[in-house]
Amino acid sequence: MYYLQVYDGASNKVIGHVMDITTTQGLMLLCDEPITVQEQYRLIMKFSKGYVSGRKELVFDATCRWCREDEDPSFYLAGFQIQKLLPQEVQFIQSLIDEFGF
(Lines give C-alpha, C1' and ligand atoms only; values in the text may rest on other atoms or scores of the structure.)
Protein backbone atom coordinates (compact mmCIF):
# COMPACT_ATOMS: atom_id res chain seq x y z
CA MET A 1 0.00 0.00 0.00
CA TYR A 2 1.35 3.38 -0.95
CA TYR A 3 1.43 6.00 1.77
CA LEU A 4 -1.79 7.97 1.93
CA GLN A 5 -0.98 11.62 2.35
CA VAL A 6 -3.26 13.63 4.60
CA TYR A 7 -3.49 17.38 4.19
CA ASP A 8 -4.55 20.12 6.58
CA GLY A 9 -7.65 21.60 4.96
CA ALA A 10 -6.85 25.10 6.28
CA SER A 11 -3.31 25.35 4.87
CA ASN A 12 -3.45 22.62 2.18
CA LYS A 13 -0.06 21.39 3.45
CA VAL A 14 0.74 17.76 4.17
CA ILE A 15 0.07 17.15 7.86
CA GLY A 16 1.18 13.51 7.74
CA HIS A 17 0.87 10.03 6.26
CA VAL A 18 -1.59 7.35 7.34
CA MET A 19 0.17 4.75 9.48
CA ASP A 20 -2.89 2.96 10.84
CA ILE A 21 -6.61 3.02 10.22
CA THR A 22 -8.33 -0.03 11.62
CA THR A 23 -11.65 1.58 12.48
CA THR A 24 -13.91 4.13 10.87
CA GLN A 25 -13.65 6.22 14.04
CA GLY A 26 -9.95 7.06 14.06
CA LEU A 27 -6.54 6.97 12.44
CA MET A 28 -2.87 7.41 13.27
CA LEU A 29 -0.61 9.68 11.23
CA LEU A 30 3.17 9.91 10.97
CA CYS A 31 3.97 13.63 11.00
CA ASP A 32 7.07 15.79 10.54
CA GLU A 33 5.95 18.19 13.29
CA PRO A 34 4.06 17.78 16.55
CA ILE A 35 0.28 18.14 16.33
CA THR A 36 -1.71 20.17 18.84
CA VAL A 37 -3.72 17.81 21.05
CA GLN A 38 -7.48 18.47 21.47
CA GLU A 39 -7.50 20.70 18.38
CA GLN A 40 -10.02 19.99 15.63
CA TYR A 41 -8.76 19.75 12.05
CA ARG A 42 -10.36 19.56 8.63
CA LEU A 43 -8.33 16.77 7.02
CA ILE A 44 -8.11 15.77 3.37
CA MET A 45 -6.94 12.26 2.52
CA LYS A 46 -5.69 12.37 -1.08
CA PHE A 47 -5.19 9.23 -3.13
CA SER A 48 -1.91 9.75 -4.98
CA LYS A 49 -2.38 6.73 -7.25
CA GLY A 50 -5.59 8.18 -8.66
CA TYR A 51 -9.11 7.25 -7.75
CA VAL A 52 -10.11 4.77 -5.06
CA SER A 53 -13.70 3.57 -5.41
CA GLY A 54 -14.39 6.54 -7.69
CA ARG A 55 -12.92 9.15 -5.32
CA LYS A 56 -9.75 11.26 -5.54
CA GLU A 57 -9.96 12.38 -1.92
CA LEU A 58 -11.88 12.15 1.31
CA VAL A 59 -12.52 15.29 3.39
CA PHE A 60 -13.43 14.90 7.06
CA ASP A 61 -13.15 16.58 10.45
CA ALA A 62 -11.04 15.01 13.17
CA THR A 63 -9.76 15.91 16.62
CA CYS A 64 -6.17 15.13 17.61
CA ARG A 65 -6.41 13.02 20.79
CA TRP A 66 -2.71 12.36 21.35
CA CYS A 67 0.70 13.11 19.88
CA ARG A 68 4.07 11.63 20.78
CA GLU A 69 7.57 11.43 19.40
CA ASP A 70 8.17 8.46 17.10
CA GLU A 71 11.01 5.98 17.64
CA ASP A 72 12.81 8.13 15.07
CA PRO A 73 12.97 11.51 16.85
CA SER A 74 12.62 13.27 13.47
CA PHE A 75 8.94 12.28 13.37
CA TYR A 76 5.80 12.28 15.50
CA LEU A 77 2.84 9.93 15.74
CA ALA A 78 -0.59 11.51 16.19
CA GLY A 79 -3.93 9.86 16.90
CA PHE A 80 -7.09 11.43 15.49
CA GLN A 81 -10.72 10.76 16.31
CA ILE A 82 -12.85 11.16 13.19
CA GLN A 83 -15.94 13.32 13.65
CA LYS A 84 -19.43 13.10 12.11
CA LEU A 85 -19.04 11.02 8.97
CA LEU A 86 -21.91 10.53 6.57
CA PRO A 87 -22.98 6.88 6.13
CA GLN A 88 -21.38 6.71 2.66
CA GLU A 89 -18.10 8.03 4.10
CA VAL A 90 -18.16 5.37 6.82
CA GLN A 91 -18.68 2.74 4.10
CA PHE A 92 -15.83 4.21 2.05
CA ILE A 93 -13.38 4.13 4.98
CA GLN A 94 -14.47 0.58 5.79
CA SER A 95 -13.79 -0.40 2.16
CA LEU A 96 -10.28 1.10 2.46
CA ILE A 97 -9.65 -0.94 5.60
CA ASP A 98 -11.02 -4.10 3.95
CA GLU A 99 -9.16 -3.60 0.68
CA PHE A 100 -5.77 -2.50 1.93
CA GLY A 101 -5.70 -4.04 5.40
CA PHE A 102 -4.21 -1.11 7.31
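Two strands count as paired if DSSP finds at least two bridges between them. Strands themselves are DSSP runs of E with at least two residues, numbered from the N terminus. With that in hand, select S5 and S6: they pair in the antiparallel sense over eight bridges.

Before going on, a word about what is on your screen. This is a predicted model, so local features need pLDDT of at least 70 and side-chain atom pairs count only at pLDDT 80 or more, while totals for chains, interfaces and linings use all residues. Residues are numbered from 1 along each chain as its sequence is written, and side-chain values use heavy atoms, with hydrogens and water left out.

**Stop 1: the S5 and S6 hairpin**

Keep S5 (residues 57–69) and S6 (residues 76–83) selected. Together they form a hairpin with six residues between them. Click on Cys-64 and look across to S6: its bridge partner there is Phe-80. Remember Phe-80, as we'll come back to it.

Now pick Pro-73, in the loop between S5 and S6. Is Pro-73 buried or exposed? At 55% relative accessibility, Pro-73 counts as exposed. (Exposed means over 50% relative accessible area, buried means under 20%, and partly exposed is in between, with a 1.4 Å probe and protein chains only.) Try a distance from here: the C-alpha atoms of Pro-73 and Asp-32 are separated by 9.6 Å, though the two residues are 41 apart along the chain.

**Stop 2: zoom out to the barrel**

Show all the strands. You're looking at a closed barrel of six strands that runs S1-S2-S3-S6-S5-S4, with antiparallel pairing. On average, neighbouring strands of this sheet are turned by 45 degrees against each other, direction ignored. (The axes behind that angle are lines fitted to C-alpha atoms, for helices over the stretch in contact, and angles run from 0 to 180 degrees between N-to-C directions.) What holds paired strands together? Strands of a sheet pair through backbone hydrogen bonds, either parallel or antiparallel.

**Stop 3: walk around the strands**

Start with S1 (residues 5–8) and S2 (residues 14–23), which run antiparallel and are joined by three bridges. Find Val-6 and its partner in S2, Gly-16. This hairpin has five residues between the strands, and Asn-12 in it takes a positive phi near 60 degrees.

Select Asp-8 and you'll find Leu-43 of S4 standing opposite.

Next, go to S3 and S6, which pair in the antiparallel sense over six bridges. Met-28 has Gly-79 as its bridge partner in S6, and Cys-31 stands opposite Tyr-76 in S6.

**Stop 4: two rings**

Select Tyr-41 and Phe-80. Which kind of aromatic pair do Tyr-41 and Phe-80 make? Their ring centres are 5.8 Å apart and their planes lie at 80 degrees, so the pair is edge-to-face. (Rings of Phe, Tyr and Trp, taking its six-membered ring, pair if their centres lie within 6.5 Å; planes under 30 degrees apart count as stacked, over 60 as edge-to-face and the rest as tilted.) Tyr-41 sits in S4 and Phe-80 in S6, 39 residues apart, so distant parts of the chain are linked here. Both residues are buried. By this rule the count comes to one aromatic pair.

**Stop 5: a charged pair**

Now pick Arg-42 and Asp-61, whose side chains meet in a salt bridge (2.6 Å, N to O). Arg-42 is in S4 and Asp-61 in S5, so the pair ties together parts that are 19 residues apart in sequence. (A salt bridge here is a side-chain nitrogen of Lys or Arg within 4 Å of a carboxyl oxygen of Asp or Glu.) Both ends are partly exposed: Arg-42 at 44% relative accessible area and Asp-61 at 22%. A search of the whole structure finds one salt bridge.

**Stop 6: Thr-63 and its surroundings**

Finish at Thr-63 in S5. With a relative accessible area of 8%, Thr-63 is buried. Its side chain makes a polar contact with the side chain of Gln-83, at 3.4 Å. (A polar contact is a pair of N or O atoms within 3.5 Å; within protein, one must be able to donate a hydrogen and the other to accept it, and residues adjacent in sequence count only if both atoms are side-chain atoms.) Leaving aside neighbours within four places in sequence, Thr-63 is in contact with residues including Glu-39, Phe-80 and Gln-83. (Contact means heavy atoms within 4.5 Å.)

Glu-39 is partly exposed, at 36%.

Note on methods:
Helices (H or I, at least four residues) and strands (E, at least two) are DSSP runs, numbered from the N terminus.
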